[in-house]
Amino acid sequence: MSKPFKTLDDLGDIQGRRVLVREDLNVPMADGQVTDDTRLRATLATVTELADRGAIVLVLAHFGRPGGQRNPEMSLALVTRPYAQVLGRPVRFIDWDGAEDAVATMQPGEIAVMENTRFFAGEETNDPELVARIAAVGDAYVNDAFSAAHRAHASTEGLARALPAYAGRAMEAELDALEKALGNPDHPVAAVVGGAKVSSKLDVLKHLVTRVDHLIIGGGMANTFLAARGIDVGKSLCEHELAATCEEIMTAADGANCTVHLPYDVVVATEFRADPPTRTVNVHEVAADEMILDVGPAAVEALGDVLKNCRTLVWNGPLGAFETPPFDTATVALAKTAAALTRDGSLVSVAGGGDTVAALNHAGVAGDFTFVSTAGGAFLEWMEGKTLPGVAALYR
Ligand code: ADP
Ligand code: MG
């Protein structure tokens with residue numbers, strides 16, 4: 001079946017052709033070492049395929065926030081050697097000064113990392129002159145960096161308009177998974193939205209109530225909804241000023257036949273630290289000096305039953321303060337249920353968000369989910385129902 005965007009399958013014969021590939025090489029580094037090479041590994045499928053097909057592979061990426069100026073500490077030269085190790089192939093580094101000449105010396109199948117696109121002021125303003133300058137060194141453009149696709153920058157959006165443009169393999173997998181989860185999912189669909197604050201995910205909630213059958217609200221967000229319903233949440237993290245907004249979301253959910261699930265039992269403590277004395281109580285029994293730090297066991301069991309009747313799950317945000325035991329309990333339990341249902345083939349499960357990925361790794365089940373997105377901002381914008389400019393530019 002043909003996809004709404006072009007992929008590497010549409011690229012044809014690329015022997016000796018110069019392909020500009022936007023990747024996410026924005027890795028965390030300490031003392032010259034890459035401390036987490038997840039993003040480098042995510043590029044492997046696309047970059048090796050292009051090289052093996054005889055292309056001259058020119059990897060484009062940003063690194064840090066140099067603010068449109070050269071900054072040696074944010075040079076992608078620093079990432080080139082670790083990247084070569086991950087690829088298991090030699091990788092050249094090419095500065096933009098003299099780039100055309102340098103690229104002209106490359107052989108088919110060779111790979112180069114181009115200097116940080118954010119050294120140019122025109123990157124973030126999507127300046128047509130910069131787009132033309134970069135496009136001059138390539139014959140085709142591949143965007144493989146979903147995580148940067150929510151930004152209409154020269155290297156993510158402009159180039160896709162200037163050159164024949166294709167989705168890389170990682171981008172393709174991400175778009176396929178997101179389509180299966182929210183674009184055209186099997187119903188019933190459940191969404192879990194947790195995390196700290198309602199205010200940071202208002203648009204996500206507003207969009208989801210129109211798309212999903214069950215909206216499961218956990219984490220600090222649930223506190224705001226509980227408070228909006230007149231429940232005393234004590235000292236819990238809570239945005240009281242959003243009560244009216246919460247009511248609007250509940251009303252919109254009603255109108256859209258979306259069932260909103262709020263916890264009815266919770267785990268509370270008077271101190272926020274590892275392993276403090278806790279109580280598991282009904283939401284109506286939270287004392288004035290207590291904080292809700294996790295969803296309770298009865299609610300988690302009921303949520304597991306909801307998932308058992310669903311075909312699709314999309315998850316963003318932990319159910320509790322999972323970094324601090326024992327407030328990881330609900331998140332881990334529901335994640336394990338979702339993982340088991342996915343293994344059984346009854347659930348398509350897609351999750352994303354920085355802390356969500358950490359929580360699923362902590363639960364040991366990230367590999368069991370259908371798809372886990374490591375894109376933070378882009379994943380959230382997609383959950384808000386926005387069309388990402390870097391993705392839109394790839395549509396046929
Ligand atoms: P993501 O990065 O996956 O989008 P968020 O950043 O929105 O997720 O939220 C994650 C944070 O929410 C975690 O640091 C977690 O400790 C916090 N959190 C979850 N539940 C609570 C709670 N009940 N009280 C305070 N913080 C919470
Ligand atoms: Mg976060």
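In this predicted model, strand β1 runs parallel to strand β7 (residues 140-143), and four bridges join the two. Four of the five residues of β1 (residues 18-22) are buried, so the strand is largely enclosed by the rest of the structure.

Apart from neighbours within four places in sequence, His 153 is in contact with Arg 118, Glu 123, Glu 124, Asn 126 and Gly 158.

At the level of the whole chain, the domain assignment gives domain 1 (8-170) and domain 2 (185-383). The contact between them draws on five residues from domain 1 and eight residues from domain 2. The C-alpha centres of the two domains are 37 Å apart. Together, domain 1 and domain 2 bury about 470 Å², with 72% of this area on carbon and sulfur atoms. On the domain 1 side, Phe 146, Ser 147 and His 150 supply 80% of the area buried against domain 2, more than any other three residues. Between the domains the count is zero salt bridges, and likewise zero residue pairs in polar contact, taking pairs with both residues at pLDDT 80 or more.

Salt bridges do occur in the model, where the count comes to 23. One of them joins Asp 52 to Arg 89, with the closest N and O atoms 2.9 Å apart. This pair links distant parts of the chain, 37 residues apart: Asp 52 belongs to helix α2 (residues 44-52), and Arg 89 to the loop between α3 (77-87) and β5 (92-94). Asp 52 is exposed at 57% relative accessibility, whereas Arg 89 is partly exposed at 25%.

Another salt bridge brings together Arg 133 and Asp 97 (3.8 Å, N to O). Because Arg 133 lies in helix α6 (residues 128-135) and Asp 97 in the loop between β5 and α4 (99-104), the pair ties together parts that are 36 residues apart in sequence. Arg 133 is partly exposed, at 37% relative accessibility, while Asp 97 is exposed, at 54%. Finally, a network of salt bridges links Lys 3, Asp 9, Glu 49, Arg 53, Arg 169, Glu 172 and Asp 176.

Note on methods:
Residues numbered from 1 in each chain as written. Chains lettered and ligands numbered in written order. Predicted model: local features only at pLDDT ≥ 70, side-chain atom pairs only at ≥ 80, totals over all residues. Heavy atoms only, no water. Buried < 20%, exposed > 50% of the residue type's maximum accessible area, 1.4 Å probe, protein only. Pairing = 2+ DSSP bridges. Domains from an automatic or database assignment. Contact = heavy atoms within 4.5 Å. Buried area = accessible area lost by both parts, 1.4 Å probe. Salt bridge = Lys/Arg side-chain N within 4 Å of Asp/Glu carboxyl O. Polar contact = N/O pair within 3.5 Å; in protein donor to acceptor, adjacent residues only side chain to side chain.
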